[in-house]
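Here are my notes on this one, in the order I'd go through them. Have the viewer open as you read.

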Amino acid sequence: MSPAFSIDGPFDCRSCGACCIAAGPVAVSPSDVQVPRHRTRSVRRMVGFASFEADDGVRCMKSDDGRCAALKGQPGVDVACAIYDRRPTVCADFQPGSQYCREARGKARSLFARIASVPSTTVRPPLFAEAVR
Ligand code: SF4
Ligand code: SF4
């Protein structure tokens, strides 16, 4: 975690990722997976990530470990969305600095500190699962 990390910002998503691990299931709407012909490949990637379907039929990004499968990098330090250009609408609409953003940052703060204290190669999925229970 960056020494300067604060729940209250600055809201630099590239050094955060809290909403991708601590904001709950990320829903994928039917329109999110409608495929313009020239975007087939990237959308196929997203559908591959979004392979989880809840009991109520809502399709969600895989996050069995509490971390969205598309989140790459080290949360709290340097992250990126692997499908940024085709991320679900709910992600594109998520506003840095909003109440939900702050809540996610609050949930993830202690997790970021723990992740930063161990080599990245030893970070295991249960760390993320604990953050969202
Ligand atoms: S929207 Fe907020 S919680 Fe999500 S990555 Fe950006 S700063 Fe972090
Ligand atoms: S799809 Fe991308 S922006 Fe949305 S939760 Fe997953 S990693 Fe974050």
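1. A quick term first: pLDDT is the predictor's confidence in each residue, on a scale from 0 to 100. This is a predicted model, and the protein's average pLDDT is 77, with 69% of the residues scoring at least 70.

2. Watch residues 122–133, where pLDDT stays under 50. The model still has 20 contacts beyond four places in sequence for residues 122–133.

3. Now the ligand. Which residues surround ligand 1? The shell consists of Phe 11, Cys 13, Cys 16, Gly 17, Ala 18, Cys 19, Phe 94, Pro 96, Cys 101, Ala 104 and Arg 105. By class, that shell has nine nonpolar residues, one polar and one charged. Helix α4 (residues 99–116) brings the largest share of the shell, three residues.

4. On to the packing. The largest nonpolar core has 21 residues, and those touching the most other members are Ala 18, Cys 19, Ile 21, Ala 22, Cys 68, Ala 104 and Ala 108. Helices α1 and α4 each supply at least two residues of this core, and α4 gives the most, with five. As background, nonpolar side chains tend to be buried together in soluble globular proteins.

5. One backbone detail to check: Gly 9 and Pro 10 are joined by a cis peptide bond, with omega about 10 degrees. Pro 10 sits in the segment before α1 (19–22). For context, most peptide bonds are trans.

Conventions: Residues are numbered from 1 along each chain as its sequence is written. Chains are lettered from A and ligands numbered from 1 in the order in which they are written. This is a predicted model: local features need pLDDT of at least 70, side-chain atom pairs count only at pLDDT 80 or more; totals for chains, interfaces and linings use all residues. A residue is near a molecule or strand if its C-beta atom, placed from the backbone, lies within 6 Å of it. Helices (H or I, at least four residues) and strands (E, at least two) are DSSP runs, numbered from the N terminus. Ala, Val, Leu, Ile, Met, Phe, Trp, Tyr, Cys and Pro count as nonpolar, Asp, Glu, Lys and Arg as charged, and the others, Gly among them, as polar. Two residues are in contact if their C-beta atoms, placed from the backbone, lie within 7 Å. A nonpolar core is a set of buried Ala, Val, Leu, Ile, Met, Phe, Trp, Tyr and Cys residues joined through C-beta atoms within 7 Å. A residue is buried if 20 or more other C-beta atoms lie within 10 Å of its own, exposed if 12 or fewer, and partly exposed in between; C-beta atoms are placed from the backbone.
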